[in-house]
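Please walk me through this structure. Take the domains, then a sheet, then the contact between the chains.

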Amino acid sequence: MSTDTERTVSITVNGVPREATVPVRRLLSDALRHDLGLTGTHVGCEHGVCGACTVLVDGDPVRSCLMLAVQVDGREVTTVEGLARDDDRGGQVLHPVQEAFRECHALQCGFCTPGFLTTIAAGLEKRDNSIELTEEEVDEMVGGNLCRCTGYANIKKAVRHANAAMRDAQ
Amino acid sequence: MKPAPFRYADPGTLDEALEVLSAEGEGAKVLAGGQSLLPLLSMRLAAPATLVDINRVPGLDTVEATGDGVRVGALVRHAHLLHDAAAARIQPLLARATANVAHPAIRNRGTTVGSIAHADPSGEMTSVLALTDGSVSVATPGGVETIAWRDFFVGPLETSIHGPAVVTSAYFPALPARSGTAFSEVARRKGDYAVCGAGVVVTLDEDRRVAAVRAAYISVGLTPEVHDLTDAVAGQPAEKADWAAAGSLARTLVDPDTDIHASADYRRLLVGVLTERTLASAAAEAVGGME
């Protein structure tokens, strides 16, 4: 079979079918930002350590800097821009995790925030929120993302806050 | 911090993968989970001419647990193995070690077999393959061969396979009867590369006396090694064996290196501490299993 240096990929991003022609070496993080104009995904370390670029691929959190854009052809990607939901008055309502971050002052400079929001949103959506969140679960959920401002206390508070909001909404 | 240009193929069968690997020659590299390979490309520590992405190859994403052991396919993500209850029953070290592999987002994508083929001395699963006396299956244009772990790991990031080849699975033999396991790491932050880690297997005799003790370490030495610590505690009752003596013995057997994260002496100290702790826990588990 042949090899390619460029490909056209079709990705459903935040529910919208998108297409882009990219060099095969294009990282998913760069494809989202440069080719699709979605700059909510932040690029920190570019080698998988900081977690700022975390997006959801078919619902699972992954580092978008550790995937090639060609690898998500035909798949669904959710970025931080896709967390809020449309309301019935033509506006948007924040995801409970976003709301909790605002409520708990869980961000300062905001650079790392998109990665936290996607990771925590997926983590809480995958669990039965009527079951009490353990301290270990919270640590595990945020441990793969670096934040140099907050000291994590308010981020962890926001996880529990969002958990309670999602439990009440169940 | 972007990968150098390369050619890309994503074959739909193993035969096609081997075909393109053969055609592309020396500069071709297999891409599975990419959680180690892509950082190397982005940091320009590696610049393969061609990436052969095996993610579309069918049949490689299964965990087969039988009474004899667990076979893990090349596309099984760490997260899948971590939550596979049947695999954990046959060989508990799999879930125990996988829980220490990086963070959930990395485990969602990274593959267990890929990390073994990557042969990083700070990887968990290389040492678990050694500790369980496992092997890998390697597909080449000439057929499939089984390579025992001792013959597979050659050096840091280096294995004995050359030329067109795909590691299609890793096989971890079952835990022997009357045995317990434990796995523990010391890392600067949870999910970071371990400064030092230890995996152990304790096997008892029918009178609950220590019959065999094996240990393997993470981030210690250039390739995985299994150390037999039985002599330090042989025949002692499992509940009150002198695990500290086994820890001391382990410290004399390892040969850690100094790097930016820790000195060789500190690593040697950790080998002793982690050995003592994990052996006590593994022995308690072995006793529990006999009740």
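Domain bounds here come from an automatic or database domain assignment. This is a predicted model, in which local features need pLDDT of at least 70 and side-chain atom pairs count only at pLDDT 80 or more, while totals for chains, interfaces and linings use all residues. Residues are numbered from 1 along each chain as its sequence is written, and chains are lettered from A and ligands numbered from 1 in the order in which they are written.

Start with chain A. Its assignment gives domain 1 (6-82) and domain 2 (85-169). The C-alpha centres of these two domains of chain A lie 21 Å apart. Domain 1 of chain A brings 16 residues to their contact, and domain 2 of chain A brings 11 residues. Two residues are in contact if their C-beta atoms, placed from the backbone, lie within 7 Å.

Which elements of domain 1 of chain A give two or more residues to the side that touches domain 2 of chain A? They are β3 (54-57) and β4 (60-63) of chain A. The largest share, three residues, comes from β3(A). Such elements are DSSP runs, numbered from the N terminus: helices are H or I with at least four residues, strands are E with at least two. By residue class, this side of domain 1 of chain A holds seven nonpolar, eight polar and one charged. Ala, Val, Leu, Ile, Met, Phe, Trp, Tyr, Cys and Pro count as nonpolar; Asp, Glu, Lys and Arg count as charged; the others, Gly among them, count as polar.

Now turn to chain B. Three of its strands form an open sheet, in the order β1-β3-β2, with parallel pairing. Strands pair if DSSP finds at least two bridges between them. The edge strands are β1 and β2 (28-31) of chain B, each pairing on one side only. Neighbouring strands of this sheet are turned by 25 degrees against each other on average, direction ignored. Three bridges join β1(B) and β3(B) in the parallel sense. R7(B) has T50(B) in β3(B) as its bridge partner.

A helix covers these strands. α1(B) lies across β1, β2 and β3 of chain B, and runs at about 170 degrees to β3(B). Axes are lines fitted to C-alpha atoms, for helices over the stretch in contact, and angles run from 0 to 180 degrees between N-to-C directions.

Finally, the two chains meet. Here 30 residues of chain B are in contact with 26 residues of chain A. On chain B, β1 (7-9), α1 (14-24), α2 (37-42), β3 (50-53) and α6 (104-107) each supply at least two residues of the side that touches chain A. α1(B) gives the most, with four residues. That side of chain B divides into 14 nonpolar, eight polar and eight charged residues.
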